[in-house]
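This report examines a protein fold through its helix packing and a few selected residues. The sequence and the structure are shown first.

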Amino acid sequence: MDNDVSAGSTAATPSVSTLGQLALGITLLAFGIGHTRVIDGVTAADAVSIATYVGGIALFVAGLFALRRDDGLTGTAFAGLGAFWFTWGVGAGDAVSANAVGLFLLLFALLALTLTLAAGGAGTFVRGTYGAMFVALVLLAVAEFGDSAGLAKAGGWVAVVAGVLAWYGATAPVAGLRMAWPGRGRAAGRGVTAAG
């Protein structure tokens, strides 16, 4: 097996984790691009179907399968984030206050923070996805509280980064792409520290 591909996965064996990361990545990309408004006429509201079915139902089911395999982190992440996306998708367009939306995003930012802290043994792309999602949700929550279009766009761009990390982290093992940064393993082997 290629040393750049994470242990336990090969190009021939996609898994529940791969499916879940792809679902998360696609949903984050649609959600983030909608908030950036970089594509004319596309808003976050246009991501409702993807959020409900791909990010909500498919991700939640992937979480249940992961929990059944005794993969606690992946199962908790996918089931929890599936609940987030499903709730966001079915609740989008409801007449609720901006503060209620901000609180909703802030509460699920706490889930993303928990996942980031719990993913210490997971790969760089998994930790990066959850960390970027945490930052995106905090920015979007503050944007709702303060009615700031600029912060909403910034949160959208961070969500796009999280989506790219999730998508690449899922695609790389099955496509045989690089999963390690060049030279990182050699420097660690020589005892070189980040500060030195």
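Which residues does Thr52 touch, not counting residues up to four places away in sequence? The model is predicted, and in it Thr52 touches Ile57, Trp85, Phe86, Gly89 and Val90 under that condition. Thr52 is found in helix H2, and because its relative accessible area is 6%, under the 20% limit, Thr52 is buried.

## Overall architecture

The protein has 7 helices and 0 strands. Along the sequence, the pattern therefore reads α-α-α-α-α-α-α. Of the 196 residues in the protein, 35% are buried.

## Helix packing

| Helix pair | Packing angle | Axis separation |
|---|---|---|
| H2 and H3 | about 155° | 7 Å |
| H3 and H5 | about 25° | 14 Å |
| H5 and H6 | about 165° | 8 Å |

Helix H2 spans residues 48–68, and helix H3 spans residues 72–91. Their packing angle of about 155° makes H2 roughly antiparallel to H3, because angles over 145 degrees are classed in this way. The crossing of H2 and H3 is left-handed. By class, the contact of H2 with H3 has 16 nonpolar, 10 polar and no charged residues.

Helix H5 covers residues 124–146 and helix H6 covers residues 149–175, with a packing angle of about 165° between them. That angle makes H5 roughly antiparallel to H6. H5 passes H6 in a left-handed crossing. On the H5 side, the residues that meet H6 include Phe125, Gly128, Thr129, Ala132, Met133 and Val135. On the H6 side, the residues in contact with H5 include Leu151, Ala152, Ala154, Gly155, Gly156 and Val158. By class, the contact of H5 with H6 has 18 nonpolar, 5 polar and no charged residues.

H3 and H5 pack at an angle of about 25°, with their axes 14 Å apart. H3 and H5 are therefore roughly parallel to each other, as angles under 35 degrees count as such. Their crossing is left-handed. Ala77, Phe78, Leu81, Phe84 and Trp85 of H3 make the contact with Tyr130, Met133 and Leu137 of H5. By class, the contact of H3 with H5 has 8 nonpolar, no polar and no charged residues.

Phe78 belongs to helix H3. What is the relative accessible area of Phe78? The value is 0%, so Phe78 is buried. With neighbours within four places in sequence left aside, Phe78 is in contact with Val16, Ser17, Gly20, Gln21, Leu59, Phe60, Ala62, Gly63 and Tyr130. Ser17 is 61 residues from Phe78 along the chain, and the C-alpha atoms of these two residues are separated by 8.8 Å.

Gln21 lies in helix H1, which runs over residues 16–36. Gln21 counts as buried because its relative accessibility is 7%. Not counting residues up to four places away in sequence, Gln21 touches Phe78, Val126, Tyr130, Ala166, Trp167 and Ala170. Phe78 and Tyr130, both in that list, also take part in the contact between H3 and H5.

## Loop residues with positive phi

Most residues other than glycine have a negative phi. Arg37, placed in the loop between H1 and H2, has a positive phi near 60° and is not a glycine. At 56% relative accessibility, Arg37 counts as exposed, because the value is over 50%.

Asp70 is found in the loop between H2 and H3. Although Asp70 is not a glycine, its phi is positive, at about 65°. Is Asp70 buried or exposed? Asp70 is exposed, because its relative accessible area is 72%.

Terms used. Residues numbered from 1 in each chain as written. Predicted model: local features only at pLDDT ≥ 70, side-chain atom pairs only at ≥ 80, totals over all residues. Heavy atoms only, no water. Axes fitted to C-alpha atoms, helices over the stretch in contact; angles between N-to-C directions. Helix = DSSP H or I, 4+ residues; strand = E, 2+ residues; numbered from the N terminus. Parallel < 35°, antiparallel > 145°, perpendicular 65-115°, else oblique. Left-handed = near helix turned anticlockwise from the far one by under 90°. Contact = heavy atoms within 4.5 Å. Nonpolar A, V, L, I, M, F, W, Y, C, P; charged D, E, K, R; others polar. Buried < 20%, exposed > 50% of the residue type's maximum accessible area, 1.4 Å probe, protein only.
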